[in-house]
Amino acid sequence: MARGKSISHFCAHCERVTKMELVGAVEDQPDRTWYRCVRCRHAMLVDLNELKKGEEAAKKKPERADCSDYNPSNTYTVGQAIFHTEWDDFGKVISKEKTSGGGSAIVVSFQRLGERRLLENLTNGFDSQD
Ligand SMILES: [Zn+2]
């Protein structure tokens with residue numbers, strides 16, 4: 001058993017992917033384990049099968065052909081592969097966030113650049129009609 005092993009997992013309290021530390025197994029449910037979010041300290045049951053699936057999906061590198069070109073006016077889903085033409089890099093959407101201004105953002109794990117936060121669903125919110 002790898003004690004003290006931490007994972008990256010979506011925290012419902014933080015509403016984002018956070019680092020979680022292993023708390024302990026569940027006696028009656030061998031496929032489930034308690035993890036605790038290091039950010040908000042909430043504990044949650046993590047389904048190990050789903051976790052494994054997620055890890056495998058994350059390891060699988062997206063192909064350029066699978067990627068949609070990033071455009072801030074579009075919306076994206078977690079797991080979607082996108083290509084950023086300006087940065088000439090592609091990656092997968094790993095989570096979604098709300099910006100402080102009430103907008104939407106995606107967190108993308110790029111092949112070269114690593115994790116980057118990008119805006120999505122940008123409409124005409126910047127145009128003041130007053
Ligand atoms: Zn949390």
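**A metal site and a sheet**

Cys11 is buried, at a relative accessible area of 0%; buried means under 20% relative accessible area, exposed over 50%, and partly exposed in between, with a 1.4 Å probe and protein chains only.

Please note that this is a predicted model, in which local features need pLDDT of at least 70, side-chain atom pairs count only at pLDDT 80 or more, and totals for chains, interfaces and linings use all residues. Residues are numbered from 1 along each chain as its sequence is written, and side-chain values use heavy atoms, with hydrogens and water left out.

Which atoms coordinate the zinc ion? They are the SG atoms of Cys11, Cys14, Cys37 and Cys40, at 2.2 to 2.4 Å. Donors here are N, O and S atoms within 2.8 Å of the metal (3.2 Å for Na, K and Ca); water is not among the atoms, so sites may look incomplete. The 4 donor atoms subtend angles of 103 to 115°, which makes the arrangement tetrahedral (four donors, all angles between 85 and 135 degrees).

Along the chain, the donors follow the spacing C-x2-C-x22-C-x2-C. Cys11 in strand E1 (residues 6-11) and Cys40 in the loop between strand E3 (29-37) and strand E4 (43-47) link distant parts of the chain, 29 residues apart. Strands are DSSP runs of at least two residues, numbered from the N terminus. Cys40 is partly exposed, at 25% relative accessibility.

I turn now to the sheet. An open sheet of 5 strands has the order E5-E6-E7-E8-E9, with mixed pairing; two strands pair if DSSP finds at least two bridges between them. Strand E5 (68-69) and strand E9 (114-120) are the edge strands, each pairing on one side only. E5 runs parallel to strand E6 (residues 81-84), joined by 2 bridges.

Notes. Four donors count as tetrahedral if all angles lie between 85 and 135 degrees; four count as square planar and six as octahedral if opposite donors are over 155 degrees apart and all others between 65 and 115; anything else is irregular. Helices (H or I, at least four residues) and strands (E, at least two) are DSSP runs, numbered from the N terminus.
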